Amino acid sequence: MNDRPRIRYRVQPKHLEAHRFETSCTVADPDPAGQRFALPAWIPGSYAIRDFAKHVVAIRAESRGAGVSLTKTSKDTWRAAPCRGPLTVIAEIYAWDLSVRGAHLDATHGFFNGPCVFLRVLGKEARACDLEIAPPPGRRQAGWRVATSLPRRGARALGFGAYGAADYDELIDHPVEIGTFTHATFTACGVPHEIAITGRHAADVARVARDLKRLCEWQIRFFGTPAPMDRYVFLVTAVGDGYGGLEHRASTALVCSRDDLPRPGAKEAGESYRTFLGLASHEYFHTWNVKRIRPAAFTPYDLQRENYTALLWAFEGVTSYYDDLALVRCGLLKPEEYLEALGRAITQLLRTPGRHRQTLAEASWDAWIKYYRQDENAPNALVSYYGKGSLVALCLDLHIRSRTAGRKSLDDVIVALWRRYGRVGLGVPEDGIERVAEEVSGLKLRPLFDKWLRSTEELPLGPVLAAAGIDLEVRPAEGPSDRGGKPSAKPAAALAERATLGARTAGEGNDVRLTHVLDGGAAQRAGLAAGDAIVALNGIRVTPRSLDAQLARLRPAERARVHAFRRDELHEFALTFAAAPADTCVLRVDKRAAVRALGLRRGWLGRE
Ligand SMILES: [Zn+2]
């Protein structure tokens, strides 16, 4: 029983034209020494300090109708003068961040994450919370509804009114969408699911519901029924161009391009719809992996500062591995489409010189200052714990399958982690995943983990895929738009004849700007730097439209004069082109693979 006074919250989309929510928090029995309040510095799932307190534009406190003085004691903490209570703090919060981790409000809709609007009452975080979500004041918004996985405590379905949470941790783990969204429902393994799509779109919502049902049922059965949540909500924001997701215990907030949603009548799942399904699959898998199976370092979260763990390779990488694998196993992706996506993921790693600099364990630890704060040197200094993490998961899965003759796999390791830690609410210690993997597989895996997580040695992708009857080919890129995954009609020797700059570029009006200069590449050797604007090649004007054709006429080892502006100073560089490196991966099913490899592949992909 918890009969201590509940914390009462209220939030209202108040000044739509100024993008401000009004939020309040009432404590019946404030700390007699002066109650302290704080806004989180970050939101779980997005490992960067965001300082949500910067969007507080006004804040005051009152008790029984009289003002109470409020002192700011740090960037995100306030202390009220001692009073008997009840004590209410009222804040106005600016909301103009249309990302999955922020808050956004205008005359068309409102969206918020709890860490942006709900003050934490220090020392009383374990108290139960009542929440009133109040409607906007204007009559133009009379048709607005509410979509959230927050438990209802009197509010009607999709209605404004009373909601609640068991504690502060739960209160801030259910984002809320308010507006005139499209709404659909389905049931997966007995659990009611909802989809709310906001933003202009022309999606075949019935199809999205049908496909997500198939995916969700597969994932629930993967971990074992019953599902750990009693309902689930997909909050989708469709925009012109966008991509992102954030996981929560019973919902996810997704931002996608409206073109990623299927049009009515479209038969095949095109590449863009597969992108959307992959994103939904990723965030849904997090319902178990990171929201419940979570590092001891996050148990509980410290919301005011960085929380360090070396395990993000497992929570993000393993989730990235299973997002597309779940789609192929449940039949929403064809095996050849899956192999194409895997080929692109390997290509991305091969084009990251930073894999020679940063280990996966370091990438995870430094996520706060590196992965989430990437600059022009990022490709040379960083490796992604999503990308390389998912390929470590692949290596681990195929290694275990191969060494146990298909009797065990990474599936067994993940389900064991769920049973041992997630289901019972225990944090995973830093060595927990490696220990469970060894126990479940019966294999000595420590030396492999040392190499794959704590060194920069290359992953044995060719050999592990060969054991599953998949040939891995690495060739030079056909051109700048070649992301890998697909075979080339040209022989590798011909592709290597392409001259490359060793830099990434972006068109800026008529200028070609170097965004990243890669370690050891031709541009770096010539002295070019990120930020330089290339204006001429061998005395001929370079524009974003002409660059590829100009490069195509050059050959490796050829020398060229390059003119470029660094800031407003014109410089001349002597550049010797390099041959296109073999950094583009294609995977093919080996039609002559042995029976053993065929069996392994069937067990892995769940089909022929
Ligand atoms: Zn993720």
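Predicted model: local features only at pLDDT ≥ 70, side-chain atom pairs only at ≥ 80, totals over all residues.
Me: Which protein atoms are the donors of the zinc ion?
Reply: Ideal angles at a metal are 109.5 degrees for four tetrahedral donors, and 90 or 180 degrees for six octahedral ones. Here the protein donors are His282 (NE2), His286 (NE2) and Glu316 (OE). They lie 2.0 to 2.1 Å from the zinc ion. Water is not among the atoms, so the site may look incomplete.

Me: How are the donor residues spaced in sequence?
Reply: The pattern is H-x3-H-x29-E. Histidine 286 and glutamate 316 are 30 residues apart and link distant parts of the chain. Histidine 286 sits in the loop between α4 (271-285) and α5 (312-329), while glutamate 316 belongs to helix α5.

Me: Are histidine 286 and glutamate 316 buried or exposed?
Reply: Buried means under 20% relative accessible area. Histidine 286 counts as buried because its relative accessibility is 0%. Glutamate 316 counts as buried because its value is 1%.

Me: Now the strands. How many bridges join β23 to β24?
Reply: In a regular strand the side chains alternate between the two faces of the sheet. Six bridges join β23 (residues 503-508) to β24 (residues 511-517), and the two run antiparallel. Alanine 503 stands opposite valine 517 in β24.

Me: What happens between the strands of that hairpin?
Reply: Two residues lie between β23 and β24. In this hairpin, glycine 509 takes a positive phi near 60°.

Me: Which residue stands opposite arginine 513?
Reply: Alanine 533, in β25. Strand β25 (residues 533-537) runs antiparallel to β24, and two bridges join them.

Key: Residues numbered from 1 in each chain as written. Heavy atoms only, no water. Pairing = 2+ DSSP bridges. Helix = DSSP H or I, 4+ residues; strand = E, 2+ residues; numbered from the N terminus. Donors = N, O, S within 2.8 Å, 3.2 Å for Na, K, Ca; no water. Buried < 20%, exposed > 50% of the residue type's maximum accessible area, 1.4 Å probe, protein only.
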